[in-house]
Amino acid sequence: MKRGVQHDVVVYGATSFVGQILCRYLVRRHGTDGDLRWAIAGRNASKLDEVARSTGADVPRLVADASDRAALDNLAASTQVVASTVGPYALYGSELVEAVVEAGGDYCDLTGEVQWMRRMIDAHQARAETTGARIVHTCGFDSIPSDLGTWFTQQRAIEEFGEPCVEVRMSVKGAKGGVSGGTAASGMQMFEEMAEHPELRKMVADPYVLAPVDLRQGPKQPRLGRPTRDDRFESWVAPFVMAPTNSAVVLRSHAVLGQPWGRDFTYGETMMTGDGLVGGVAAWGMTAGLAAFTGAASFAPTRKLLGKVIPKPGEGPSEAKQQAGYFDLRFVGRTADGREIRTKVTGDADPGYGSTAKMLGESAVAFLDLDPATVGGGFWTPASAFGDALIERLEAHAGVRFDVV
């Protein structure tokens, strides 16, 4: 733990859409004058005051623009943990990560921007190991359910079979929720970067893109870009838009943990669309729709048109819609000799916002109990940093459940 800090956790980007949801959650969970010493931060003092009033987060306020390195250094030095909701992270997140690394603190965020995470790992891994800074990206729906769901599946397989699964597949059985402008902007930023630097397209598609430098190759991972009927799930399945990011995170977990599931471990994700003719038609329709969106986002003229219809930053689903949302992810793991285990991860709110804010809040506080002798400086993942401890927090407080089925 850092010495002499004024705060345990600082929420950076408290004025953002998900930042405000996170503030409300921390108020309910920890209050404003309890054991957790937390603060909010952003670039505009008056907007921070409004967030404090509207969310009940009457806690210290820190003003720091994402491009003001001196202010970010002061912020990072003042706290043990920074939880950032400021995206697109490729535009607004790099200076903050470097500031936290230099301060030797802890950091978590909600990014799903694979190209940016790769840049941060390559630029700062060695320095983080030296300073003791611990960085954990993807602490929301991207990619806690996938990453911890795989961890949970493997732990139960080891308990039941005495060995891990050599393959795990996840498929989304159901989910309901809206899209925020911040998420849309992050997606559009990734397409912008790939348009400017075509080589990024291949890198982003590489399942080992986030692995440590010496482990950026391995067994061929499943290609799940076409609709098919999957007997594991007794359903037709279609590609899942978040699969590339989630798979890269799961494979990084496996690598930094020392490949405990074997050198031939494979992982993949899809979405269930139902059985029979109706399920097949739905799978083909979903696949065509995803391909059409990806194609439109890949070219400047149509990307500009998409920008006019997708939500703007600061916009997102209402609180009622967040609470009406849910997610249900199913996992099937198989051992080398064909034994099978089935698990599920479920959430009780909108996956991208209601549940995501709770996941980020619990991840930030989990750092405070994390022994630096066990998890030292560097870039970790939710599973490799927190494992069962975060599962326990999510089940106890965040409406997320992990079950064997």
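Tutor: We begin with a definition: contact means that heavy atoms lie within 4.5 Å. In this predicted model, helix α5 (residues 94–103) lies across β1, β4, β5, β6 and β13. Its direction is at about 155 degrees to β5 (106–109).

Student: Across which strands does helix α1 lie?

Tutor: Helix α1 (residues 17–30) lies across β1 and β2 (38–42), and runs at about 170 degrees to β2.

Student: In what order do the strands of the open sheet stand?

Tutor: Strands are read in the order of pairing. Here the 7 strands follow the order β3-β2-β1-β4-β5-β6-β13, with parallel pairing. Because β3 (61–63) and β13 (378–380) each have a single partner strand, they stand at the edges, and one side of each is left without a neighbour in the sheet. From one strand to the next, the twist averages 20 degrees.

Student: Over how many bridges do β1 and β4 pair?

Tutor: Strand β1 (residues 7–12) pairs with strand β4 (residues 79–84) over 5 bridges, in the parallel sense. Within this pair, His7 stands opposite Thr79 in β4.

Student: Let us turn to a single residue. Is Asn246 buried or exposed?

Tutor: A residue is called buried when its relative accessible area is under 20%. Asn246 has a value of 0%, and is therefore buried. Its place is in helix α10 (residues 243–256).

Student: Which side chain joins that of Asn246 in a polar contact?

Tutor: The side chain of Glu269 does so, at 3.0 Å. Leaving aside neighbours within four places in sequence, Asn246 is in contact with several residues, including Phe141, Ser143, Phe240 and Tyr267.

Methods: Residues numbered from 1 in each chain as written. Predicted model: local features only at pLDDT ≥ 70, side-chain atom pairs only at ≥ 80, totals over all residues. Heavy atoms only, no water. Pairing = 2+ DSSP bridges. Helix = DSSP H or I, 4+ residues; strand = E, 2+ residues; numbered from the N terminus. Axes fitted to C-alpha atoms, helices over the stretch in contact; angles between N-to-C directions. Buried < 20%, exposed > 50% of the residue type's maximum accessible area, 1.4 Å probe, protein only. Polar contact = N/O pair within 3.5 Å; in protein donor to acceptor, adjacent residues only side chain to side chain.
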